[in-house]
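Trainee: I would like to go through this model with you. Can we take it step by step?

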Amino acid sequence: MANWLRVARHDRSLGGTHAFELPKSCSLWKLRIVQDMKDELGLQDVLFDRCAVGLDSQHGSTAGLPIHQPWKIATNVSELRDDLAHMRYPGPEEHPKHAPCAGRDTAATGFYTNDLVDIIQGAFRRHAANKHTPAAVALAAAQQLHDDVARQLSVEQLLSACAQD
């Protein structure tokens, strides 16, 4: 934790943002060092349920059933908090039954689902664009230049350029 905090402090000095995630019930959330880190970095909690972001059982008789796993992220990226805040257990109409977070499915719950990755990437992308940092402005300008050039080239020219690389 001390090493993560050292990196986060340096990152913050460069204008960086942060997100720290653990299961909602993890005892680490109660540690003084975690509370102090959240205060120092201005992190605010968002709770969500991983069954709402595509966490499903992959094994046995429960394969395909959602796994209800409450999760918490402490972040200073408001877009991420906003996007995840509504990702809660949708109710028994949509998820009438859940698979347990147990057995062979346990290891897979340590990874992000594609849905969760899409939410996180979209939130950070919008956050960077909204900040108008030099990197975000340069990235947007480079993407626009790339798009303009790509529109002017024919398919044959693009294929030829790729073949030369």
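The questions below go from the overall fold to single residues.

Mentor: This is a predicted model, where local features need pLDDT of at least 70, side-chain atom pairs count only at pLDDT 80 or more, and totals for chains, interfaces and linings use all residues. Residues are numbered from 1 along each chain as its sequence is written, and side-chain values use heavy atoms, with hydrogens and water left out.

Trainee: In what order do the elements of the chain run from the N terminus on?

Mentor: Helices (H or I, at least four residues) and strands (E, at least two) are DSSP runs, numbered from the N terminus. The chain has six helices and three strands. Their order is α-β-α-β-β-α-α-α-α.

Trainee: How many aromatic pairs does a search of the whole structure find, and which residues form one aromatic cluster?

Mentor: Rings of Phe, Tyr and Trp (its six-membered ring) pair if their centres lie within 6.5 Å; planes under 30 degrees apart are stacked, over 60 edge-to-face, the rest tilted. The search finds two pairs. W4 and F20 are edge-to-face, 5.2 Å centre to centre with 65° between the planes, and F20 and W29 are edge-to-face as well, at 5.7 Å and 90°. The cluster is W4, F20 and W29.

Trainee: Is F20 buried or exposed?

Mentor: Buried means under 20% relative accessible area, exposed over 50%, and partly exposed in between (1.4 Å probe, protein chains only). W4 counts as partly exposed because its relative accessibility is 30%. F20 has 13%, so F20 counts as buried.

Trainee: Which residue lies over the face of W29?

Mentor: A charge sits over a ring if NZ of Lys or CZ of Arg is within 6 Å of the ring centre and within 35 degrees of the ring normal. R50 lies over the face of W71, 5.0 Å from the ring centre. For W29 the distance is 4.7 Å, and the residue is K72.

Trainee: At what angle do the axes of helix 3 and helix 4 cross?

Mentor: Axes are lines fitted to C-alpha atoms, for helices over the stretch in contact, and angles run from 0 to 180 degrees between N-to-C directions. The axes of helix 3 (residues 78-85) and helix 4 (residues 114-131) come within 8 Å. They cross at roughly 145°.

Trainee: Which residues of helix 3 make the contact with helix 4?

Mentor: Contact means heavy atoms within 4.5 Å. Helix 4 brings several residues, among them L116, I119 and F124. The residues of helix 3 are E79, L80, D83 and L84.

Trainee: Is K38 buried or exposed, and what does K38 touch?

Mentor: K38 lies in helix 2 (residues 32-41). Its relative accessible area is 10%, so K38 is buried. Not counting residues up to four places away in sequence, K38 touches W29, L43, D45 and A74.

Trainee: What is the relative accessibility of A74?

Mentor: A74 is in strand 3. Leaving out residues up to four places away in sequence, A74 touches several residues, including F20, W29 and K38. A74 counts as buried, because its relative accessibility is 0%.
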